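Please look over the model shown below before reading the notes on its fold, its helix packing and its ligand shell.

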Amino acid sequence: MSKTRHKKIRLATAWLGGCSGCHMSFLDLDERLLDLTEAAELVYSPLADIKELPEGIDVILVEGAVANTDHLKLAEQIRSRSKIVVSFGDCAATGNVTSLRNRLDVEDLLATVYQEGPGKISQQDELLPLLLPKVLPLHQVIPVNVFIPGCPPDPERIWAAVTALLEGRPVVLSEKMRRFG
Ligand code: SF4
């Protein structure tokens, strides 16, 4: 990664309906994370436990599909506050594992799990975000600029994409790095 840049890129990551495996793979960049800190400032991420999404994000990696109303609201905020939105991993790109429930009716699902089981949670519970009728990939909710496929994306393809983005180059992934799964 070029070290001649003076102004740090405002980098963020977000976690919607995913298992956090994509974020774990990001951490597997290992010592390359130190290089990353020279070029970028992490301004929002579950890894940094920053609660409020700031304005003026340059690049944001978004893990997970859009499964509930909280995800929907955050996705819309992400789009309005970020220059480059990256669909990070297969759940964000296609729905993947998170969308397995799409064949089921939401009310039937909640009744089976939480009414007929020991817990008592309903779609009317004000403390919980409402589940959307269908889980959606991120690009069906907001415009997305870049896709990094993989479940999870391996560190090499994350690094290839992130370094290109931080250096202002187009993201060109090899055929192997464009595979899902
Ligand atoms: Fe987890 Fe795979 Fe989805 Fe990433 S793409 S959130 S690793 S299930």
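What radius of gyration would a compact globule with 181 residues have, and what does the protein have? A compact globule would have a value near 16 Å, and the protein has 17 Å, which agrees; the radius is taken over C-alpha atoms, and the globule rule is 2.2 Å times the number of residues to the power 0.38. This is a predicted model, in which local features need pLDDT of at least 70 and side-chain atom pairs count only at pLDDT 80 or more, while totals for chains, interfaces and linings use all residues. Residues are numbered from 1 along each chain as its sequence is written, and side-chain values use heavy atoms, with hydrogens and water left out.

**Overall fold**
- The protein contains six helices and seven strands, which are DSSP runs numbered from the N terminus (helices: H or I, at least four residues; strands: E, at least two).
- Along the sequence, these elements follow the pattern β-α-α-β-β-β-α-β-α-α-β-β-α.
- Taken along the principal axes, the C-alpha atoms fill a box of roughly 60 × 35 × 30 Å.

**Packing of α2 and α6**
- The axes of α2 (residues 32-39) and α6 (residues 155-166) come within 12 Å and cross at roughly 15 degrees, where axes are lines fitted to C-alpha atoms over the stretch in contact and angles run from 0 to 180 degrees between N-to-C directions.
- The two helices, α2 and α6, are therefore roughly parallel to each other, a term that covers angles under 35 degrees.
- In this contact (heavy atoms within 4.5 Å), R32, D35, L36 and A39 of α2 meet P155, E156, W159, V162 and L166 of α6.
- The residues of the contact of α2 with α6 comprise six nonpolar, no polar and three charged, where Ala, Val, Leu, Ile, Met, Phe, Trp, Tyr, Cys and Pro count as nonpolar, Asp, Glu, Lys and Arg as charged, and the others, Gly among them, as polar.

- Surrounding the ligand (a heavy atom within 4 Å) are G18, C19, G21, C22, E63, D90, C91, N96, V97, G150, C151 and P152.
- The elements giving two or more residues to this shell are α1 (21-27) and α4 (90-94).
- By class, the shell has six nonpolar, four polar and two charged residues.

**Backbone features**
- The peptide bond from C151 to P152 is cis, with omega near -10 degrees, and P152 is found in the loop between β7 (146-148) and α6.
- Although S20 is not a glycine, S20 has a positive phi of about 80 degrees; S20 lies in the loop between β1 (9-15) and α1.

Definitions and conventions: Angles under 35 degrees count as roughly parallel, over 145 as roughly antiparallel, 65 to 115 as roughly perpendicular and the rest as oblique.
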